[in-house]
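Visitor: Please take a close look at one residue and its surroundings. Then set that residue in the wider fold.

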Amino acid sequence: MAIKSILVPFYSHEDSVALRTALSLVRQYDAHLEALNVTPDLHESLLAYSGGFFWPSDYPDQIIGDLKSECQRKMDDARSLFIRIADDMKVDIAEADENPDYPSAKFISLEGKPAREFAIRARLADLVVINRSFGKDDKGYGMVETALF
């Protein structure tokens, strides 16, 4: 089986080793990489966190607005880092709707349940590269563990 599509979850500099490894494989196999960044659905998360508690009418909108701004900032930072690393490794960045026949990569940002979105995309990829962490507070590893096991 030829390796033509590679998936890597990518959120921050902590995932840089996995991204660099995946980009090396992209060049070796003339493959295409998707760096996946999933932002949680904040309305759903807030409702689950509140346990059904009734908030004052404008309070959730304020919280959600602040959280969305922070999530957007983190996603923008991850996208910028992705572009820098792909440029350093001399891998072309593809447009969102194309998968060229030469080594290429694209950054995909979605909103949803990170474990679910990752699992859906992982089923379609020939290879998944995951950053392995041994830290107790590593939420990304928990997400991958949820998606794969």
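Guide: Contact here means heavy atoms within 4.5 Å. This is a predicted model, where local features need pLDDT of at least 70, side-chain atom pairs count only at pLDDT 80 or more, and totals for chains, interfaces and linings use all residues. Residues are numbered from 1 along each chain as its sequence is written, and side-chain values use heavy atoms, with hydrogens and water left out.

Start at T39. Setting aside neighbours within four places in sequence, T39 contacts C71, L110, E111 and G112. T39 sits in strand 2 (residues 32–39). Strands are DSSP runs of E with at least two residues, helices are runs of H or I with at least four, and both are numbered from the N terminus. T39 has 15% relative accessibility, so T39 counts as buried. Buried means under 20% relative accessible area, exposed over 50% and partly exposed in between, with a 1.4 Å probe and protein chains only.

Now the aromatic rings. The structure has 1 aromatic pair. The ring centres of F82 and F107 are 5.6 Å apart and the planes meet at 45 degrees, so the pair is tilted. Rings of Phe, Tyr and Trp (its six-membered ring) pair if their centres lie within 6.5 Å; planes under 30 degrees apart are stacked, over 60 edge-to-face, the rest tilted. F82 belongs to helix 3 (residues 59–88) and F107 to strand 4 (residues 104–111), so the pair ties together parts 25 residues apart in sequence. F82 and F107 are both buried.

Last, the whole chain. The protein chain has 5 helices and 5 strands, in the order β-α-β-α-α-β-β-α-β-α from the N terminus. Of its 149 residues, 36% are buried.
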